[in-house]
Amino acid sequence: MRVLIVEDDVGIADGLAASLRHGGYAVEIRGTVAHAWDLLRAESFDAVLLDLGLPDGDGTELLRRLRASRPAGTTDATDPATPVLIMTARDAVPDRVSGLDEGADDYLVKPFDTLELLARLRVALRRSAGRSSPVLRHADLVVDPATRTVRRAGVDVTLSAREFALLMTLLQSAGQVLSKSRLESALYGEGERIESNAIEVHVHHLRRKLGNALIRTIRGVGYFAPKVDA
Ligand code: CA
């Protein structure tokens, strides 16, 4: 899961990024409307955390552009349906209403508790994935993103944050082959050091913990979790 933080306060942005990375998200940070927009057009994200007061404009301008974007048939990576959570110190009712009217999925007033932000982010991601049930099922696996628990045939399995992120990415695209670089960008943020065999190592650990049948390798192409009837 890739999250873009658009926030010009470096302390807030770094604190949020640390919490999100700890939760297994890959995170990018941009501090202006222009830089955030450039990145959104170049790379896809599962959610955006958006500050309103930015040095070169208002965050709602970015939201407006994103909601109006039409990526189909272009190389533009923007997705108008990307969940956006606004975070701002402005607690005036008109600001909240206009943020939601512009298409924000949720609204957090600073200072907010990181745990609350993470919970609301999960809700927004769940909603955007169109799943009414928060729990993912795959053969004998039951994965609960809210509690980050994994059970295999009724037995709890402990995964690292990266393993959990890899499992979620594969299950959410079950039946679809994902390249190593696509998986790397789902697990790691920009500037994070990635060992060249990192994905192979995580796949190896997941197979050991969850069984060989869960992840198939297409040599030279990538990996996939076979589609199964839950
Ligand atoms: Ca700001």
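Two strands pair if DSSP finds at least two bridges between them. Helices (H or I, at least four residues) and strands (E, at least two) are DSSP runs, numbered from the N terminus. The model is predicted: local features need pLDDT of at least 70, side-chain atom pairs count only at pLDDT 80 or more, and totals for chains, interfaces and linings use all residues. Residues are numbered from 1 along each chain as its sequence is written, and side-chain values use heavy atoms, with hydrogens and water left out.

**Exercise 1**

Give the strand order of the open sheet of 5 strands, and state which are the edge strands.

Solution.
1. The order is β2-β1-β3-β6-β7, and the pairing is parallel.
2. β2 (26-30) and β7 (106-109) are the edge strands, since each pairs on one side only.
3. On average, neighbouring strands of this sheet are turned by 20° against each other, direction ignored. Such angles run from 0 to 180 degrees between N-to-C directions, with axes fitted as lines to C-alpha atoms, for helices over the stretch in contact.
4. Over 4 bridges, β6 (residues 84-88) pairs with β7 in the parallel sense. Leu85 has Asp106 in β7 as its bridge partner.

**Exercise 2**

Which strands does α5 lie across?

Solution.
1. The strands are β1 (2-6), β3 (47-51), β6 and β7. Contact here means heavy atoms within 4.5 Å.
2. α5 runs at about 175° to β7.

**Exercise 3**

Describe the lining of the largest pocket.

Solution.
1. A pocket is an open set of points on a 1 Å grid over the protein atoms alone, where a 1.4 Å probe fits, with protein on both sides within 12 Å along at least five of seven lines; lining residues have an atom within 4 Å of a point.
2. The largest pocket holds about 580 Å³ of space. Its volume is the space filled by probe spheres set on the points, which are joined across faces, edges and corners.
3. Its lining has 22 residues, and Met1, Ser44, Phe45, Asp46 and Arg182 lie nearest the centre.
4. α5 (114-128), α6 (161-172) and α7 (180-187) each supply at least two lining residues; α7 gives the most, with 4 residues.

**Exercise 4**

Why does the second largest pocket lie between domain 1 (2-128) and domain 2 (136-224)?

Solution.
1. The second largest pocket has a volume of about 300 Å³.
2. Among its 17 lining residues, Gly23, Tyr25, Arg122, Pro145 and Phe164 lie nearest its centre.
3. Both domains give residues to this lining, so the second largest pocket lies between them. The domain bounds come from an automatic or database domain assignment.
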